[in-house]
Amino acid sequence: MQFLIFIIAFPLLWLVSILPFRIFYWLSDCIYVLVYHVIGYRKKTVRENLALALPNLTDKERLVIEKKSYHHLCDMFLEMVKTMTISSEEMNKRFTITNIELIKEYEKKGKSIMLIASHYASWEWLITLNQKLSVKGVAVYKKLANKYFDKLVRDIRSKYNTELVPTSLTIPLISQNKKDNIQCMYGLASDQSPKIDRIFHWESFMGIEVPVHTGPEMLSKKYDMTVVFAKVKKLKRGYYELTIVPLSDDPKSVPDFGITHKYIKEVEKQIREAPEYYFWTHKRWKHRK
């Protein structure tokens, strides 16, 4: 059944990926109508999240953000499909990096790098950064249930010098690379809500006390990695800009949860600057004090 679903869906995805951008985004607009107005995908969750995180805005103002966020959501998921066939030249034109020299300086120090991202703007096209590294890029991800699509995703990322590692294998891989003196950049998106049995720390996120992931900080301290934040800004439709924000070059010297706190504050800044580009459909505030 998995293979049947794959062979039916793959040609459609490939056809979408080769569409000219003008038609590509017209299709995204059509999908928006279906997702938002017809299906109403997670509309209740989005409205609850916006009300919790942005209580200072009026209902009318939050509704504007809500609709814009669904437009962006449809764009972003189609852009994920576009990754199948987009050229490196086109990708580099559409996803620029403002301070790549900072990463180059960190590479020279010989330590691995922990890059923490958020579900904002385009975390998918962050993979273009790995083409500019002299070290290997490793992205932590949740393995897909369909093994054929899972392989497809891994094959696509490999074109960008990126190795995907399931969350369950992250620690063994980092540990082995440390023993073998292999320098890497590890990328994680850590703004989701952790499972209730894995809560170690609470932080104020958009004014609400919530549990937060502390894995990136703990791994950085244990394996002595430089920690940076991937600040992605949407310039216009289909164009993004990445700025590397230093969090710590010596994580062991930072008090416990200090790096996690810095990360959360950086995510907040992104959201407050342009809330319509955050991934409001996930249940980020389902556990709260």
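Start by selecting lysine 269, whose place is in helix α10, where helices (H or I, at least four residues) and strands (E, at least two) are DSSP runs numbered from the N terminus. Lysine 269 is partly exposed, because its relative accessible area is 45%; buried means under 20% relative accessible area, exposed over 50%, and partly exposed in between, with a 1.4 Å probe and protein chains only.

The model is predicted, so local features need pLDDT of at least 70 and side-chain atom pairs count only at pLDDT 80 or more, while totals for chains, interfaces and linings use all residues. Residues are numbered from 1 along each chain as its sequence is written, and side-chain values use heavy atoms, with hydrogens and water left out.

Next, turn to the aromatic rings. Rings of Phe, Tyr and Trp (its six-membered ring) pair if their centres lie within 6.5 Å, and planes under 30 degrees apart count as stacked, over 60 as edge-to-face and the rest as tilted. By this rule there are 18 aromatic pairs. Select tryptophan 125 and tyrosine 240, whose ring centres are 5.8 Å apart with planes at 85°, so the pair is edge-to-face. Because tryptophan 125 lies in the loop between β2 (113-117) and β3 (136-141) and tyrosine 240 in strand β9 (residues 239-248), the pair ties together parts that are 115 residues apart in sequence. Both tryptophan 125 and tyrosine 240 are buried.

Now select phenylalanine 205 and tryptophan 285, whose ring centres lie 5.4 Å apart with planes at 10°, so this pair is stacked. Phenylalanine 205 is in strand β6 (residues 202-205) and tryptophan 285 in the segment after α10 (258-273), so that the pair links distant parts of the chain, 80 residues apart. Phenylalanine 205 and tryptophan 285 are both buried.

For charges over rings (NZ of Lys or CZ of Arg within 6 Å of the ring centre and within 35 degrees of the ring normal), select lysine 43, which lies over the face of tyrosine 36 at 4.0 Å from the ring centre, and then lysine 82, which lies over the face of phenylalanine 21 at 4.5 Å from the ring centre.

Finish with Phe3, Phe6, Phe10, Tyr148 and Phe149, which form one aromatic cluster, and with methionine 1, found in the segment before α1 (2-17), which counts as exposed because its relative accessibility is 73%.
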